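Colleague: Could you show me how to read aromatic pairs and nonpolar cores in a model?

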Amino acid sequence: VSLEVAMYVLNHIIDNYGTDPDITASVNNKQIWFVPLVNPNGHKVVTDEVDLWWRKNICDNDGNGNFNGSQDGTDPNRNYSWEWGGQGSSGTFSSETYRGASPASEPEIQAMQNLLLDHHFVAGITYHSYSELVLFPYGYANNASAPDVDALEALAVDMAITIPAASGGYYTPQPSWALYPAAGVTDDFAYGQEGIFSYCIELGTEFIPPASEIDGICQDNLQAALILLNRVDQSVVTGLIKD
């Protein structure tokens, strides 16, 4: 469902350009990047119904030239080079959180890191499923606290209270480690390496929700994405430079 949400937000911006003044101003004055799918090979394992719970890519870990689900694949969201190799990742081929042979060993993550390093991004969202959470850095270790934790949390709260939860209330904002520690993830690299206010929104209550729920999940998450998009219009730090 994360792919669906990313495309829904993208299409909303395209469809409302020229009629919605805020969206028009954002498109005219900002760079807005979408990466709808980071792991196309792993996604195909799921859509082909080979393994509906598959989360890794299809890296040939054992070098036998064939895809072997018990031994192959690296979890892309444990392969980023910032704090790679720590808690919540595994060095065992068969683990669903296998971190890869080395930091940023996977071509998908090399592409993502290059994108983040080559552009001066201010903020971003990665969409995952599931848990109805708005997560903010850090995630690499229990109780890891980011220097900007108060500001990161405040924006997470602003987004979370716009996303209805299935059983009532709203999505829960919390630091990533509070879900479970995970080292080598997108948001830690984006924030830890580049200072990007990067969030992970865990969508819905199932890894693959029923088709009947997809439109609702997409619509419910639109406002949070627009809050993040418009956040860069607000001053965060102001002052007078004298020298």
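Modeller: We will go through the ring pairs and then the core. This is a predicted model, where local features need pLDDT of at least 70, side-chain atom pairs count only at pLDDT 80 or more, and totals for chains, interfaces and linings use all residues. Residues are numbered from 1 along each chain as its sequence is written, and side-chain values use heavy atoms, leaving out hydrogens and water.

Colleague: How many aromatic pairs does the structure hold?

Modeller: A pair of aromatic rings is described by the distance of the centres and the angle of the planes. Here there are 10 such pairs (Phe, Tyr or Trp rings, the six-membered one for Trp, with centres within 6.5 Å; planes under 30 degrees apart are stacked, over 60 edge-to-face, the rest tilted). W54 and F67 have ring centres 5.3 Å apart and planes at 85°, so this pair is edge-to-face. Both lie in the loop between α3 (40-47) and α4 (107-118), 13 residues apart.

Colleague: Is W54 buried or exposed?

Modeller: W54 is buried, at 8% relative accessible area, while F67 is partly exposed at 37% (buried is under 20%, exposed over 50%, partly exposed in between, with a 1.4 Å probe and protein chains only). Elsewhere, ring pairs join W82, Y138, Y140, Y191 and F197 into a cluster.

Colleague: Which residues touch the most other members of the largest nonpolar core?

Modeller: A nonpolar core is a set of buried Ala, Val, Leu, Ile, Met, Phe, Trp, Tyr and Cys residues joined through side-chain atoms within 4.5 Å. The largest one has 43 residues, and V134, Y199 and L203 touch the most other members. Its largest share, eight residues, comes from α8.

Note on methods
Helices (H or I, at least four residues) and strands (E, at least two) are DSSP runs, numbered from the N terminus.
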